[in-house]
Every structure is written in C-alpha cells, then in structure tokens.
Amino acid sequence: YRILGKKGEGTFSEVLKCQNIKDGSFRACKKMKQTYESIEEVNNLREIQAMRRLSPHPNILELQEVL
C-alpha cells in the first residue's frame, strides 16, 4: 500500500488514505498506535471481532485484511 494522506485520528489509532499498489484501488487503512506482539493479539481486539461478525452489512465497511 502507498500512503496518500491522513484522514483522521483518535485515541487508539489513525485512519490513512492508501492506494493498493497491485490494483490501484483506494482504501481506508487504520493504523493502531499501540504495538502488538502477535497476530493473535490483533485478532482478539473487540473491533476486529465485531467487524468480522457483522460482515457483510450495508452500513459497515468490509474488513479487507489485517497486516
């Protein structure tokens, strides 16, 4: 992904406008301020679990991937 700019910031993360280098599509990427030791820690976050449970929903963005 190529970072194009910052869209917003909160207490725990910031939202960045990014472009996928492979296909040129634009995405909103959420960058967490806290560091995590493993992917399991990230997958246990309530926000990630909720997005996976609620997908697909017309009013909620789809979780594409976790890096």
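The entries below record what I looked up.

**Basis.** I worked from a predicted model, in which local features need pLDDT of at least 70, side-chain atom pairs count only at pLDDT 80 or more, and totals for chains, interfaces and linings use all residues. Residues are numbered from 1 along each chain as its sequence is written, and side-chain values use heavy atoms, with hydrogens and water left out.

**Sheet.** I took helices (H or I, at least four residues) and strands (E, at least two) as DSSP runs numbered from the N terminus; two strands pair if DSSP finds at least two bridges between them. I found an open sheet of three strands, ordered S1-S2-S3, with antiparallel pairing. Strand S1 (2-9) and strand S3 (26-32) are the edges, each pairing on one side only. With direction ignored, neighbouring strands are turned by 30 degrees against each other on average, the axes being lines fitted to C-alpha atoms. I then looked at S1 and strand S2 (residues 13-19), which run antiparallel and are joined by six bridges. Lys6 stands opposite Leu16 in S2.

**Cysteines.** I counted a disulfide as a pair of cysteine sulfur atoms within 2.5 Å; the count comes to zero. The sulfur of Cys18 has its closest cysteine sulfur in Cys29, at 3.2 Å, which is too far for a bond. Cys18 is buried (under 20% relative accessible area), with a value of 2%.

**Record.** UniProt, in an unreviewed entry, places "domain: Protein kinase" at residues 1-67; such annotations may be inferred rather than shown by experiment. For residues 1-67 I noted end C-alpha atoms 11 Å apart, with 21% helix and 33% strand.

Terms used
Axes fitted to C-alpha atoms, helices over the stretch in contact; angles between N-to-C directions. Buried < 20%, exposed > 50% of the residue type's maximum accessible area, 1.4 Å probe, protein only.
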